[in-house]
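I am opening a notebook on this structure. Each entry records what I looked up and what I found.

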Amino acid sequence: MDVIGMNYTMNNQGEDDNMRLDTIDIRFLEVTPDKLTATYIGRGTHHHDVGSIRTNKPFSRDATIGYYEVKVLNAGAKGSICVGLAEKTFSLERQPGWEEGSYGYLAEDGKKFGGNQRGEGYSEGFTTGDVIGCGIIHVKQEIFFTKNGKYLGTAFRKVRGTLYPTIGMHSAKESITVNFGQKPFKFDLDGMLMESREKLRSEVKSIALKTDEVPNLIRQYLLHFGYSDTLQSFEEISGTNSTKDPLLTSLPHRTKIRRLIMEGEIEEAIQSIEESFPKLLASFPKALFALRCQQLIELIRARKLNEAVVFAQSTSSEFTMLESSEEEILQEVLGLLAYEDPSAFPIGRLLKIQQRESVADAVNSAVLVHQGCSSQSKLEVLLRQLLAVRSTMREENDNRGEELLPENVL
């Protein structure tokens with residue numbers, strides 16, 4: 001990625017072209033019109049004429065890593081350049097790292113500063129021509145620095161707050177330029193992310209599982225959703241079997257109903273449901289509503305528009321007490337009639353195979369609940385527990401790091 005000064009996610013988010021140095025409230029600094037280069041113009045004679053500058057926006061808390069780099073154009077008389085991160089409340093008359101909620105790495109002696117002026121040893125200093133990178137790994141709450149493409153190690157841990165890239169200068173002629181996406185990193189951030197992924201994979205692989213746990217989860221998932229052909233093949237390969245599972249009783253019927261829905265034969269699917277589970281549709285009106293909507297969609301898909309209108313009118317009496325969400329769905333389905341080619345518009349998603357699958361899943365769930373079984377497979381429950389744990393961990397981490405969304409795993 002050719003991005004410097006960006007919010008870097010595990011999904012390789014693009015560069016942030018809008019991040020720039022913020023010239024509001026700065027002192028003792030001269031900034032170029034493009035807001036990418038700053039030069040110290042103060043005297044540098046006492047602690048109160050430090051010139052610090054931050055970016056116009058912070059690193060996103062949703063990013064896995066926030067990272068930027070600074071090139072030292074001139075180290076000045078004393079090498080008092082400090083590269084780091086700071087909260088919005090940080091005083092721009094101080095060096096980053098001198099106050100709580102700020103962190104910095106100083107050119108002069110290579111010390112790191114985290115909330116006080118004492119500093120402590122971290123690495124070697126830096127000077128004219130060096131490129132210094134500063135990054136925060138949100139999920140770990142850690143800040144690190146790089147020098148000329150070399151990783152210098154973790155500088156600070158348990159870092160919280162919303163942080164802005166911040167640079168301080170404090171001696172004559174000091175000058176820096178920052179990159180927020182204009183050129184490649186000196187540091188191989190892609191490689192760092194890859195290494196992090198591989199480490200996580202290794203940790204996951206090292207977790208001991210009982211040999212039958214994973215096959216049983218897969219088998220139960222296939223049985224739950226009624227994928228009988230796939231289930232049979234899987235059991236032959238894995239050596240597992242479902243002979244004692246209560247879900248087996250309804251499997252042939254559920255498999256047939258799913259097949260009919262996936263083929264668009266909705267009326268036949270309804271007839272099969274009424275034959276195999278006579279009281280189901282009366283007990284689960286939402287399942288019947290989903291089937292009727294799909295039946296209307298299939299007529300529109302076949303361009304039987306007159307039949308579709310007649311069907312909509314004839315079945316309207318079945319749905320006199322719809323919830324607001326169902327009203328919206330019905331209006332959207334009826335909206336298909338207004339397009340000569342609905343597939344060319346966003347509403348065309350209703351004509352895709354995924355729509356049939358969602359209806360088949362809803363009906364299958366209704367059948368299982370009707371039989372006193374869970375509406376979710378064990379694998380789904382496990383994934384939802386994973387989401388809950390990940391969400392709780394993210395909340396405890398000050399809502400930092402990439403968010404794990406249900407649609408990405410379920």
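**Entry 1: a surface patch**

Which residues make a nonpolar surface patch of about 290 Å²? I found Leu 200, Val 204 and Ile 207. Leu 200 belongs to helix α1, residues 189–205. Patches are made of residues with over 30% relative accessible area and no salt bridge; like charges are joined within 9 Å, and nonpolar side chains (Val, Leu, Ile, Met, Phe, Trp, Tyr) within 5 Å. Accessible areas come from the Shrake-Rupley method with a 1.4 Å probe, and for residues only the protein chains shown count as cover.

**Entry 2: ground rules**

I note that the model is predicted: local features need pLDDT of at least 70, side-chain atom pairs count only at pLDDT 80 or more, and totals for chains, interfaces and linings use all residues. Residues are numbered from 1 along each chain as its sequence is written, and side-chain values use heavy atoms, with hydrogens and water left out.

**Entry 3: the whole chain**

I looked up the secondary structure. The protein chain has 11 helices and 14 strands. These are DSSP runs numbered from the N terminus: helices are H or I with at least four residues, strands are E with at least two.

Next I checked the overall dimensions. The C-alpha trace spans about 90 × 55 × 30 Å along its principal axes. The radius of gyration of the protein chain is 30 Å, whereas a compact globule of 410 residues would have one near 22 Å. That radius is taken over C-alpha atoms, and the globule rule is 2.2 Å times the number of residues to the power 0.38.

I also looked up burial. Of the 410 residues, 46% count as buried. Buried means under 20% relative accessible area, exposed means over 50%, and partly exposed lies in between (1.4 Å probe, protein chains only).

**Entry 4: cysteines**

How many disulfides does a search of the whole structure find? I got zero. A disulfide is a pair of cysteine sulfur atoms within 2.5 Å. I looked at Cys 82. The closest cysteine sulfur to its own is in Cys 134, at 9.4 Å, so the two are too far apart for a bond. Cys 82 is buried, at 1% relative accessible area. Cys 373 is partly exposed, at 22%.

**Entry 5: strand β6**

I then looked for the neighbours of β6. Two strands pair if DSSP finds at least two bridges between them. Strand β7 (residues 102–106) runs antiparallel to β6, with five bridges joining them. Gly 104 in β7 is the bridge partner of Gly 84. Strand β13 (residues 164–169) is also antiparallel to β6 and joined to it by five bridges. There, Gly 168 is the bridge partner of Cys 82.

**Entry 6: salt bridges**

Side chains of opposite charge can pair when their charged atoms come close. I searched the whole structure and got 12 salt bridges. A salt bridge is a side-chain nitrogen of Lys or Arg within 4 Å of a carboxyl oxygen of Asp or Glu.

I picked out Arg 27 and Glu 93, which meet at 2.5 Å, N to O. Arg 27 lies in the loop between β1 (6–8) and β2 (29–31) and Glu 93 in the loop between β6 and β7, so the pair ties together parts that are 66 residues apart in sequence. Arg 27 is partly exposed at 41% relative accessibility. Glu 93 is partly exposed too, at 29%.

Next came Arg 258 and Asp 361, whose salt bridge is 2.7 Å, N to O. Arg 258 is in helix α4 (residues 251–262) and Asp 361 in helix α10 (residues 353–370), so this pair ties together parts that are 103 residues apart in sequence. Is Arg 258 buried or exposed? Arg 258 is buried, at 6%. Asp 361 is partly exposed, at 23%.

Arg 259 forms a salt bridge with Glu 263, with the closest N and O atoms 3.4 Å apart. Salt bridges that share partners also join Glu 298, Arg 301 and Arg 356 into one network.

**Entry 7: Ser 316**

My last stop was Ser 316, in the loop between α8 (305–315) and α9 (324–335). Ser 316 is partly exposed, at 43% relative accessibility.
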